[in-house]
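Visitor: Can you walk me through this one? I'd like to start with a loop.

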Amino acid sequence: MARNLVNIEEVSKAFDIRPLLTKVSLGISEGERIGIVGRNGAGKSTLMRIITGEEAPDAGRVTKSNSTNIGFLAQIDKADPLLTVGEVVLGDREKHEWAGDSRIREIFTGLFGGFDDHLFERTFGQLSGGEKRRVGLAKLLIDDVELVLLDEPTNHLDVEGVAWLAQYLKKRTDLAVLVVTHDRWFLDEITDRTWEVVLGNVEEYDGGYSAFVLAKAERSRQSAVTEARRNNLIRKELAWLRRGAPARTTKPKFRIDAANELISAEPAPRDGSELLKFALNRLGKTVLETKDMQVKAGDKELLSHLTWNIGPGDRIGIIGVNGAGKSTLMRVLASHLAPAAGKLTTGITVKIAFLTQHLDELDPTWRVLEAVENVAQYVELGKGKTLSASQLCERLGFDRDGQWTPVGDLSGGERRRLQLTRLLMDAPNVLMLDEPTNDFDIETLTELEDLLDSYGGTLLVVSHDRYFLERVCDRFVGLLGDLKLRDLPRGVDEYLELRHASTQPTQSLANKGKTSNAAEERQLKKDLTRVERQIEKGKAEVIRISAELEIQSDPAQFTELTNQLAKVSNDLAAREEEWLSITLALEG
């Protein structure tokens, strides 16, 4: 039986007159992996600080096993700015002590790419936010601890860094992990239990984030919860899990049949044909086109001879290594920067909104609602649907009271939400989001994803939040630092494979045959993914045309639809034969 590391007994905590935790009792045992979710301000970070002893409870107590060593990674990485990276991470360890430790070498390689003396000699105060986060993680993971508490560990990390951290923690079965994060992919990868902090209580669930969504839906069904908007969000998230990420449902440790009943009649989160029709009504066929375009940041060339067509209704995720030029590319496409060479064509009807990583300066005396209504009173969602400024504010986390908060009193995360709200109120038909998920809690993220599901324009997203990218984007492109923009049919997985391959040493001649076979298999898998997508689209088109035929009374239209149905059916049959051929090749 696993040894108990920490016990929380009847703990209560309040700030001013607002209770955050009320008589909470919990336990953490050896090797457990627990994710903590809840609204911003619900008390997640406070709970972690009480566990570490940094904060005292108002009532109740926290007891720890005598031999338990706890490590804590706070949201903000702090250290003496004059200390070197080596001094912060390694303390007074001699080089020969840590250089011979395979675990320390693995951490340095994963987080820093190696043991660069130049990096270790830099002072902490010189580092960027992402570098400070990696330093904090390295120090925590090197220390001899049995329980690590991670508060937003993926902040400032790129997709590759998040993937490495998840893989490393999964291997460290000797560690118990308690993590607060809005990164739902990370939660799914490393956690097997979930605590939801809500209204002063902590609700416990088995499984990671996907299991939590399913279990929460099941609890709602059993208790006949009538909170319609909240249930609709849960259902939409369930529909996404079923449609787009089936592997994520392997973690739940309970029957999900009842939960699946909730979504048996739910449509897909997005109807691609409807969104495209809506986009074409507002956008011409030309949205953004580049020809032989060169992108530079100062004297550094980032992209060369880029020819790329972004069409109406495209939903594209942009992934890349830090410094490869993701944000700079977005600024060029938004016409905030001119291309260094080549041509950028922007459609006549294009109206771009660009959420940058930098916050707009707003009048600090404005109220939140006033700042949004200064843009527009209502925003059109299509199909006759509208949202008022107040309704949009509420969906993005500003409740009725919060809408009267002066802008000058908002936190950084709240200002970012306000900035996004103002952009959406302006009804753009091309939306560019550069790291939109920073400082957002999971509930606000699901609200944003729900809004983006109904968005009929063109969407470009740069984000390290893999779950968000896969949730809102249909296509992916990558920048690997080789001056090219690569199409990624298999999304983030393919990007990580390419990055891994690019960092491997040159292979010997003896391995080239194996590499060739592996490359052929990868190509077949890529082709299989492509054909499966084409089959899905073909089936949807058959259903759509068949439905139109049933209600069509015009003879000419009936004939045209019949011809369309025959062509689509023939194409679908050809794709199914291709699928069978590829499947047999993979099995052989």
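Guide: Gly 53 lies in the loop between α1 and β4 (59-64). Helices (H or I, at least four residues) and strands (E, at least two) are DSSP runs, numbered from the N terminus. This is a predicted model: local features need pLDDT of at least 70, side-chain atom pairs count only at pLDDT 80 or more, and totals for chains, interfaces and linings use all residues. Residues are numbered from 1 along each chain as its sequence is written, and side-chain values use heavy atoms, with hydrogens and water left out.

Visitor: Is Gly 53 buried or exposed?

Guide: Gly 53 counts as exposed, because its relative accessibility is 53%. Buried means under 20% relative accessible area, exposed over 50%, partly exposed in between (1.4 Å probe, protein chains only).

Visitor: What phi does Gly 53 take?

Guide: A positive one, about 90 degrees, just after α1. The C-alpha atoms of Gly 53 and Thr 63 are separated by 10.0 Å. Those two are 10 residues apart along the chain.

Visitor: And how many residues of helix α1 are buried?

Guide: 8 of the 9 residues in α1 (residues 44-52) are buried, so the helix is largely enclosed by the rest of the structure. Among them are Lys 44, Leu 47, Met 48 and Ile 51.

Visitor: Which sheet has β4 in it?

Guide: An open sheet of 3 strands, in the order β2-β1-β4, with antiparallel pairing. Two strands pair if DSSP finds at least two bridges between them. The edge strands are β2 (18-29) and β4, each pairing on one side only. From one strand to the next, the twist averages 15 degrees. Axes here are lines fitted to C-alpha atoms, for helices over the stretch in contact, and angles run from 0 to 180 degrees between N-to-C directions.

Visitor: Which strands does α1 touch there?

Guide: α1 packs on the sheet and touches β1, β2 and β4. Its direction makes about 125 degrees with that of β1. Contact means heavy atoms within 4.5 Å.

Visitor: New topic. What is the strand order in the sheet of 6 strands?

Guide: The order is β5-β6-β7-β3-β8-β9, in an open sheet with mixed pairing. Its edge strands are β5 (70-73) and β9 (201-206). Strand β8 (residues 193-198) pairs with β9 in the antiparallel sense, over 6 bridges. Arg 193 has Asp 206 of β9 as its bridge partner.

Visitor: Where does helix α6 lie?

Guide: α6 (residues 129-142) lies across β5 and β6 (147-151), running at about 175 degrees to β5. The axes of α6 and helix α7 (residues 159-171) come within 13 Å and cross at roughly 10 degrees. The two helices are therefore roughly parallel to each other. Angles under 35 degrees count as roughly parallel, over 145 as roughly antiparallel, 65 to 115 as roughly perpendicular and the rest as oblique.

Visitor: Which residues make that contact?

Guide: Arg 134, Leu 137 and Leu 141 of α6 meet Gly 161, Trp 164, Leu 165, Tyr 168 and Leu 169 of α7.

Visitor: Last one. What does Thr 421 touch?

Guide: Val 372, Leu 392, Cys 393, Leu 396 and Phe 398, not counting residues up to four places away in sequence. Thr 421 is in helix α16 (residues 412-425). It counts as buried, at 0% relative accessibility.
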